[in-house]
Amino acid sequence: MQGRQIKQCGLSSLTLLVTFLHCNCLPHSTGGKPFPETAKEIASYAKVAKSIIDLAVYGKAQNRSYERLADFTDTIGNRVSGSKNLDLAIKYMFSALRKDGLENVHLEPVKIPHWVRGEESAVMLQPRNHTMAILGLGSSVATPQGGIEAEVLVVESFEELKKRQKEAIGKIVVYNQPFVSYGETVQYREFGASKAAEVGAVATLIRSITPFSINSPHTGWQDYQEGVQKIPTACITVEDAMMMARMAKRGQRIVVRLTMNAQTFPDADSFNTVAEIIGSEHPEQVVLLSGHLDSWDVGQGAMDDGGGALISWEALSLLKDLGLRPRRTLRTVLWSAEEQGGVGAQQYFQLHKVNISNFNLVMESDQGTFTPLGLQFTGSVQARAVMAEVMKLLKPINTTTLEEHGEGIDIEMWMDAGVPGASLHVADSRYFWFHHTNGDTMSVQSPIEMNLCSALWAVVAYVVADLEEMLPR
C-alpha cells in the first residue's frame with residue numbers, strides 16, 4: 001500500500017443525503033427507477049446476503065481465505081516489483097484461479113519498475129559504536145564504493161532543514177519527524193532525499209513512518225525530484241532516530257558510515273491477473289474487485305496486500321459455490337506494482353477506459369483485512385443512497401457503516417473519471433505498525449476477521465452487480 005490519509009464523512013454531505021431521502025426526491029437512476037423502488041429491490045436480497053454470510057463465516061468456506069493466503073505467502077514469500085518472486089506469485093495465482101473454476105482467467109501484460117535492494121548497512125561510529133537497522137527506500141541510488149562516512153545533521157522538519165541548510169553541506173541528514181498521520185508524515189519518506197540534496201547533503205536517513213515501533217525499520221517508495229542530485233536514502237528505526245536527536249541536542253558529534261548497493265534495472269515484464277464470473281444479462285458491464293499482488297521485499301506481504309488480494313478471490317469463490325451469477329460481470333483484478341505508484345493499475349486504466357461507461361463500481365481492499373467496519377465510498381449522492389441500502393444487508397455481521405471517500409491508488413483514476421468507487425474500511429489501528437516491515441507476516445492475520453471481510457466484499461459486489469440498474473453517476 002502506498003498509503004493515503006483516510007478521510008471521515010462530512011456533515012454537509014450526510015445532511016444532503018438525509019434531505020434527499022426524506023423527500024423522496026432523489027433523481028432517477030439510469031433506467032428511471034424511483035429510489036423507493038430501488039430500496040425495496042435491495043431489501044429483497046436479505047436472504048441471499050445471509051446465505052453468503054453464512055457460507056463465509058460459519059459454513060464450509062469458513063477460514064478458506066486465511067488458509068489460501070497462508071499457503072500463498074508461505075510458498076512464495078515477499079513479491080517486490082520486477083522480482084522472480086512476483087513472477088512466481090502471478091503464476092501461482094493464475095493456476096489457483098483456474099483450478100477454482102472461475103471464468104475468463106487470464107493475464108494482462110504490463111511493464112513495471114525493477115529496483116533491487118542489495119546489501120546495505122549503517123553503523124554509528126561516534127559518539128559510540130552502534131549498528132543500526134535500516135531499509136533502503138525504493139528507487140534509491142547506491143552509495144559510492146566503500147560507502148559514505150559523514151557527520152550527521154538531525155532535523156525534525158523540512159522547515160528546520162531550510163533554516164539550517166548551511167549546516168547540511170556534506171552531511172547525512174537524519175529526519176526525526178514526529179508521526180502525525182501516514183498521509184501527512186509520509187512526505188518525509190517520499191521527498192526527504194531530494195529536499196536534503198538541494199541543500200548539499202550527501203545522504204538521508206529517515207525515521208520510519210509509523211506510530212509504533214519495536215526497533216523495526218519500514219521501507220517504501222521514494223521520489224527523486226527532477227533536476228536534483230540523487231543521493232542514497234534509507235529508513236531507520238524510530239528508536240535510533242530519537243536517540244540521535246537526543247545526542248544532537250546534547251551537542252555530541254554524530255558520525256555514521258552508510259553503505260548501500262541498490263540498483264535500478266530497466267522496466268520488467270509483468271501482468272495484472274484477472275478472473276471473472278460472467279454476467280447473465282449484461283456481461284459487458286462490470287463490478288471490479290481488487291487488491292495488489294506485489295509487496296515489498298520484506299516480510300511475507302500477508303497484510304499488504306495479500307489479504308486484500310485473497311478476499312477479492314474469495315468473494316468470487318463464495319458466489320460460485322452458491323451458484324449465484326449476477327446480471328453483470330464480476331471481475332477480480334490482482335494488480336502488479338502497486339507499491340511503485342499503482343503502475344499496473346494505471347496501465348489497466350489506459351487499456352480499458354474506452355469502456356468506462358460499462359464500469360459500474362470499482363472496489364479495492366488495501367488497508368488490511370482486520371475487523372471490517374464497512375465501506376468508504378466515492379460517488380454521487382444518488383449512488384451513495386443506493387450503497388447505504390446495500391450496506392444494511394450486512395447487519396448480521398455489524399458492518400453497515402458507509403463513509404465518504406473511497407481509498408486506493410489502484411482505483412483513484414476511475415473515481416476521478418466519475419466511476420463509483422469503494423474501499424474496505426477496517427479497524428486498522430495496527431496497520432502501520434507492520435506496514436512495509438519484516439513484521440508483515442501471517443501472524444498479523446486472523447481467520448475470523450478475513451471471513452468477515454470476505455463476506456462483506458462478496459455481498460456488496462454481488463448485490464450491486466445484480467441490481468436492475470447500474471449505480472447512478
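**Figure 1. The span from residue 272 to residue 457.** In this predicted model, the end C-alpha atoms of residues 272-457 lie 20 Å apart. Residues are numbered from 1 along each chain as its sequence is written, and side-chain values use heavy atoms, with hydrogens and water left out. Local features need pLDDT of at least 70 and side-chain atom pairs count only at pLDDT 80 or more, whereas totals for chains, interfaces and linings use all residues.

**Figure 2. Confidence along the chain.** The predictor's confidence in each residue is given as pLDDT, from 0 to 100. The chain has an average pLDDT of 94, and 94% of the residues score at least 70. Strand β12 (residues 328-335) has the highest confidence, at a mean of 99, and helix α1 (residues 11-23) the lowest, at 42. Over residues 3-30 pLDDT stays under 50; for this stretch the model has 50 contacts beyond four places in sequence, a contact being heavy atoms within 4.5 Å. Where pLDDT is low, the predicted coordinates should not be read in detail.

**Figure 3. Strand β2 and its two partners.** Strands pair if DSSP finds at least two bridges between them. Strand β2 (residues 120-126) runs antiparallel to strand β9 (residues 255-260), to which 6 bridges join it. Within this pairing, S121 has T259 of β9 as its bridge partner. Strand β3 (residues 130-132) is also antiparallel to β2, with 3 bridges between them, and here V123 is partnered by T131. A hairpin of 3 residues connects β2 to β3.

Figure 4. Helix α9 (residues 187-198) has 12 residues, which at 1.5 Å a residue should span 16 Å; its end C-alpha atoms are 16 Å apart, which agrees. The expected span is 1.5 Å times one less than the number of residues. Buried residues (under 20% relative accessible area; exposed is over 50%, partly exposed in between; 1.4 Å probe, protein chains only) in α9 include Y188, R189, E190 and G192. The buried residues of the helix pack against α6 (158-163), β6 (172-175), α8 (182-185), β7 (203-207) and β8 (233-236). Just after α9, G200 has a positive phi of about 95°.

**Figure 5. The salt bridge between K320 and D100.** A salt bridge is a side-chain nitrogen of Lys or Arg within 4 Å of a carboxyl oxygen of Asp or Glu, and the whole structure has 21 of them. The side chains of K320 and D100 form one, at 3.8 Å from N to O. K320 lies in helix α11 (residues 302-321) and D100 in the loop between α5 (84-99) and β1 (103-116), so the pair ties together parts 220 residues apart in sequence. K320 is partly exposed at 30% relative accessibility, whereas D100 is buried at 13%.

**Figure 6. The salt bridge between K392 and E389.** The closest N and O atoms of K392 and E389 are 3.0 Å apart in this salt bridge. The two residues are 3 apart in helix α13 (residues 381-392), and thus separated by about one helical turn. K392 is exposed at 53% relative accessibility, while E389 is buried at 15%.

How values were computed
Helices (H or I, at least four residues) and strands (E, at least two) are DSSP runs, numbered from the N terminus.
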